[in-house]
Each structure stands twice: as structure tokens, then as C-alpha cells.
Amino acid sequence: MRIDFASSERSTVGLEWELALVDRDTGDLVSVADQVLEQLSTDGAPHPHITGELLRNTVELVSGVHHSVPDAIADLAGQIDEVRAITDPMGIELVGSGSHPFGQWFDQEVTAKDRYAKLIDRTQWWGRNMMIWGVHAHVGVEDVRKVLPLVNGLLTYSPHLQALSASSPFWGGVDTGYASNRALMFQQLPTAGLPYQLEHWGEYESYVEDMMKTGIIEDYTEVRWDIRPSPHWGTVEMRSCDGASSITEFGALSALIHCLVEHLSSRLDDGEALTTLQPWFVRENKWRAARYGMEAEIIVRPDGHERLVTDEIAELVDVLNPIARRLGCEKELNDALVILRVGASYQRQLAVAQSNGGSLPAVVHMLAKELRHGLRVDA
């Protein structure tokens with residue numbers, strides 16, 4: 001099977017942000033995405049960038065193709081304003097988080113699309129439990145021969161991004177003890193989770209062919225890896241992150257990803273071999289980042305050397321700053337250090353619950369406030 005990788009300008013960037021719809025007063029999830037999307041349509045045509053998702057309590061914002069993270073983030077901020085023009089009069093708030101603190105899966109309505117119906121029919125209980133929200137970042141790759149080496153190289157940094165974005169400590173009203181419960185929930189789907197460490201594009205084509213031949217998927221878009229090629233767009237897509245709770249956080253995550261891909265791509269240009277970890281180390285790192293978040297000690301070298309993830313992130317920001325200046329996202333990259341200082345979303349959620357007698361609606365209200373008014377950076 002041949003899968004063409006689209007021509008793409010190097011290091012262009014596109015972003016996707018899944019947001020939950022909640023009742024302003026109670027914090028409950030509300031299944032009104034179809035009504036919101038209908039009002040966003042023009043002459044019966046759907047909005048070109050704002051779409052639905054698996055559950056009717058979600059809207060997804062999709063940026064255009066940009067040359068810088070600030071431009072892509074500004075694109076999404078404008079889309080948020082468009083959505084709020086409809087949701088504010090409805091008494092609905094938007095929330096960015098990997099999970100909803102107290103929502104129950106059996107109360108949620110699935111979007112009426114054939115692809116979602118097939119997914120639920122096949123995956124049953126696990127599929128219905130997918131009350132998860134994430135952010136995705138696409139970065140343009142100019143040569144298909146680079147794609148899989150970049151995917152493998154990015155796996156070394158996936159726990160950094162997962163810990164920094166971790167925002168799903170609660171599930172169905174329970175404190176799970178995990179910083180990112182979403183990361184471990186999502187991998188229960190048949191084609192989700194960590195990618196196989198393939199070396200050549202032909203191996204990827206053979207994998208997709210095998211999956212289609214046996215009826216596991218209908219096309220390559222149903223390969224839902226944490227990091228994956230996106231042949232239609234000519235990009236590498238980073239999908240490891242929980243939903244971002246504020247524009248500041250999404251900007252920081254996007255800048256890290258954007259700069260990382262350019263950094264690794266330049267190393268490939270110089271003939272360097274990228275640092276890749278054994279699959280068992282990659283798997284362990286994912287679990288550690290999901291469990292411990294910012295307190296995770298992750299494996300950073302094939303010899304098993306370990307470091308605190310926050311130390312790794314701080315060093316990575318320093319290494320990437322020259323690239324960030326060139327790509328126009330220096331402020332956004334350095335906002336990762338702000339997150340290290342004020343705490344990741346899961347830490348802030350746990351603190352609010354503790355200071356409000358365990359109230360999870362209070363956590364939802366905090367998340368809604370952060371998305372609307374921004375992350376407090378003076379904490």
C-alpha cells in the first residue's frame with residue numbers, strides 16, 4: 001500500500017484544542033455542541049475551523065496553518081471569542097482540562113456520526129468512557145524520510161510534555177492519584193497509545209495495510225498514536241498532551257513542540273542520530289509522567305540515566321531558546337518556566353479541591369476562570 005506524505009513547508013504549525021462545555025452555575029457537562037455548531041454555521045455550511053468531537057459536550061478548535069506559535073494561538077483565541085458569543089447567553093462556560101472532575105460517562109451523549117457509532121460499537125465500555133480532552137500540535141516536515149526518525153526522537157521528550165500538560169487528576173468524582181489519568185485511559189482504544197518505533201516509511205505503509213486488511217481500521221486517520229505522522233497534512237502530530245487549561249499553557253506546550261521538531265530536524269540535517277530509548281523505557285516514562293506529573297523521575301538515556309522531569313524541562317527551554325527566537329515564540333517557550341513555578345493544571349486543581357473541602361464544582365469553576373481570564377502567573 002502506498003501512502004503519500006503531502007508536501008509541507010518545514011516547521012509550519014497548526015494547533016487543535018478540545019474544550020468541554022459546562023453549565024456556568026453547576027459545573028456539569030452539557031451536551032449542546034450540536035446547537036453551538038449550528039449557530040456557528042453560515043448559510044448551512046459548517047464553520048471551517050470549529051467542529052464537534054466524539055461527545056456532544058465538546059467543541060474542537062482547529063487553527064489554520066501558521067509560521068509561528070503566537071499566530072496559531074491568536075487564531076484559536078479568536079475562535080474562542082466566536083464560541084463565547086454563542087455560549088455566554090446560554091449560561092455555558094468553556095473548560096480546558098484532560099478530564100472533567102465529576103462527570104459520569106453514562107450521562108454523556110455521543111455525537112451522531114457513523115465513525116463514532118462504529119467506534120463505540122467496537123470498543124463498548126472503554127469507548128463510552130472516553131470523557132477526555134487533549135491538545136494536538138502539527139509541525140510541517142519537508143521530507144518524508146525524516147518523519148519516522150522524528151517520531152522516534154520525540155518519544156524521548158513525550159513525558160516532558162505529558163507532565164507539563166497533566167490536567168486530569170480526577171475521574172468520575174474520584175481523586176485517581178494520577179496527574180494524567182487521561183493518558184492511561186486513552187491508550188485502552190485499540191490503535192491508541194505509544195507508536196511502534198518504525199524506521200522507514202515503507203514499514204508504516206505496511207502497518208497501515210495490515211490494519212486495514214484485518215478490518216481494524218478503515219484508513220490511516222484511525223491510527224491514534226500519541227505521536228503520529230499525519231500524511232494528509234504533511235506533518236508530525238504530537239498528541240501526548242492533556243487538555244490545556246489556559247492560553248498561556250497551550251502556547252508554552254506548542255512552542256516546546258514547535259522548537260523540538262525544528263531542533264531534531266536540524267540534527268538530522270547534520271547527519272546526527274537522534275537519542276531514542278528502548279520501547280520499555282518509553283513505556284515506563286509514559287506511566288511515570290502520568291502517575292507523578294511534575295514529580296516524575298524519567299529515563300533520559302538508553303543507559304538508564306534518570307532525571308527529575310522539571311530539571312529536564314528547564315534545561316530543554318534553555319537549549320531551545322535560540323530556535324525559539326528564530327521561530328518567533330521565545331515568550332511562549334519561556335512560559336513553560338512559568339508553569340514550573342505556579343504548578344501544572346493537575347496541581348492547581350488538587351489545591352483548589354483541598355482548599356474548598358473537596359468540592360469538585362469549585363475545581364470546574366477555577367478551570368473556567370483560567371480559560372476566560374488567563375493563568376495567574378503571580379502565584
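Biologist: Hi! Which strand gives the most to the lining of the largest pocket?
Modeller: Strand 1, with 5 residues. Strands here are DSSP runs of E with at least two residues, helices are runs of H or I with at least four, and both are numbered from the N terminus. Bear in mind that this is a predicted model, where local features need pLDDT of at least 70, side-chain atom pairs count only at pLDDT 80 or more, and totals for chains, interfaces and linings use all residues. Residues are numbered from 1 along each chain as its sequence is written, and side-chain values use heavy atoms, with hydrogens and water left out.

Biologist: Got it. What volume does the largest pocket have?
Modeller: About 1200 Å³. A pocket is an open set of points on a 1 Å grid over the protein atoms alone where a 1.4 Å probe fits, with protein on both sides within 12 Å along at least five of seven lines; lining residues have an atom within 4 Å of a point. Points are joined across faces, edges and corners, and the volume is the space filled by probe spheres set on them.

Biologist: And which residues lie nearest its centre?
Modeller: Glu-16, Glu-53, Glu-60, His-136 and Arg-228, out of 47 lining residues.

Biologist: Switching topic: how much space lies in the second largest pocket?
Modeller: About 380 Å³. Its lining has 20 residues, and Gln-187, Gly-193, Leu-194, Pro-195 and Arg-283 are the closest to its centre.

Biologist: Where does the largest share of that lining come from?
Modeller: Helix 9 (279-292), which supplies 6 residues.
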